[in-house]
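Hello,

Here is the structure I promised to pass on to you. My notes on what turned up in it follow below.

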Amino acid sequence: MAFVTHQGIRRLSSSAFRNAAIKHVTIIGGGLMGAGIAQVAATTGHSVVLVDTNEEILKKSTMGIEGSLKRVAKKKFADKQEAGAEFIATVMANVSTSTDAMSAAESTDLVLEAIVENLKIKQGLFGALDKVAPAHTIFASNTSSLPITDIASSTGRLDRFGGLHFFNPVPMMKLVEVIGTSATSQETFDSLLAFSKALGKTPVSCKDTPGFIVNRLLVPYMMEAIRLLERGHGSKEDIDIAMKLGAGYPMGPFELLDYVGLDTVKFIIDGWAEKDPDNPLMQPSEVLKKLVSEGKFGKKTGEGFYKYK
Ligand SMILES: NC(=O)c1ccc[n+]([C@@H]2O[C@H](COP(=O)([O-])OP(=O)(O)OC[C@H]3O[C@@H](n4cnc5c(N)ncnc54)[C@H](O)[C@@H]3O)[C@@H](O)[C@H]2O)c1
């Protein structure tokens, strides 16, 4: 078969699954992002299996989803309590949970991973899932900072692997970045775009480059704000006011840093600095390092650049 090119094989293997709509979704990781994605997918009529490492976490995830749906129902069915209750019951009936990722992946159209941001762990998970998931199943990662190509390399389905990058809080944020690697087939990419639209989101197409679109612009912006502070060229309060009133941003960069999590931003910038050490936009910061070493991660720990108590 030496005359069949690599591209030709990709076309053949993927065309067999052309236009298959994603109906059944397995979401691995029931944390902040996974639970949010599960809620949106279930609300839009998809059958969802939410997977995490233990029952306690899953109970917290489903209670979180239910609580969030209650808030939606309160707004949507203000004076129709029964309709609200029915809405919640219908959505929750679309969600089941499991602690066994392997059996959950045995019959699903899409495996969407939202576990810890660690390349080796993600590769290990997808490598194992690749052995049990049906041939038509698309794999996608919600990673914020790791190359999709590196995660996909642990599998034999490079043509059916892409990125779906959601934003926090998932039920509120309209954007999904859909990421294709150089090996992602057009059919897979189209399915991921169609799935994002079916969730009621607005997808944008991205290449597999550091930070995709949003974080590639946002992280260097936040880091520049920290560098401005480090040089003593402005106080954090003034920099925040300046960007809100001067640029019309809803939050200043330091408020945004605290909201995103300083540990997360440090993890991203350190990873980029390692890969692209000469890029001045991707340099690590001493102030950020100090705050993170003191456990000051932002809003979630009660203190970051600002105090929240
Ligand atoms: N938090 C954000 O704002 C945000 C935004 C976009 C993308 N992301 C990305 O989404 C992913 C998840 O982030 P998060 O904020 O939801 O994290 P999180 O810590 O809230 O949740 C991760 C969940 O994954 C579970 N988990 C870990 N290893 C697992 C495994 N092997 N099998 C099953 N479950 C496992 C953990 O128990 C936890 O419940 C990361 O890759 C992150 O980069 C996060």
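Predicted model: local features only at pLDDT ≥ 70, side-chain atom pairs only at ≥ 80, totals over all residues.

Let me begin with Val 178, which is buried at a relative accessible area of 0% (buried means under 20% relative accessible area, exposed over 50%, and partly exposed in between, with a 1.4 Å probe and protein chains only). Val 178 belongs to strand S7; helices (H or I, at least four residues) and strands (E, at least two) are DSSP runs, numbered from the N terminus.

Residues are numbered from 1 along each chain as its sequence is written, and side-chain values use heavy atoms, with hydrogens and water left out.

Now to the loops on either side of strand S7. Pro 169 sits in the loop between strand S6 (161–165) and S7, and the peptide bond that joins Asn 168 to Pro 169 is cis, with omega about 0 degrees. Ser 185 lies in the loop from strand S7 (175–180) to helix H8 (186–198). This serine is buried, as its relative accessible area is 3%. The side chains of Ser 185 and Thr 188 are joined by a polar contact of 2.9 Å (a pair of N or O atoms within 3.5 Å; within protein, one must be able to donate a hydrogen and the other to accept it, and residues adjacent in sequence count only if both atoms are side-chain atoms).

Around it are 19 residues, of which Met 33, Asp 52, Glu 117, Lys 122 and Ser 144 come nearest; a residue is near if one of its heavy atoms lies within 4 Å. That shell divides into eight nonpolar, eight polar and three charged residues (Ala, Val, Leu, Ile, Met, Phe, Trp, Tyr, Cys and Pro count as nonpolar, Asp, Glu, Lys and Arg as charged, and the others, Gly among them, as polar). For Ser 144, a nitrogen atom of the ligand is 3.2 Å from an N or O atom in the side chain. Taken alone the ligand exposes 830 Å², and the protein buries 72% of that (accessible areas come from the Shrake-Rupley method with a 1.4 Å probe; for residues, only the protein chains shown count as cover).

Three further residues are worth a visit. Thr 26 is in strand S1 (residues 24–28) and counts as buried, at 0% relative accessibility. The side chain of Thr 26 reaches the backbone oxygen of Ala 104 at 3.2 Å. Phe 212, in the loop between strand S8 (202–207) and helix H9 (214–230), has a positive phi near 50 degrees although it is not a glycine. Phe 212 is buried as well, at 6% relative accessibility. Lys 300, by contrast, is exposed at 53% and lies in the segment after helix H13 (286–293).

Best wishes
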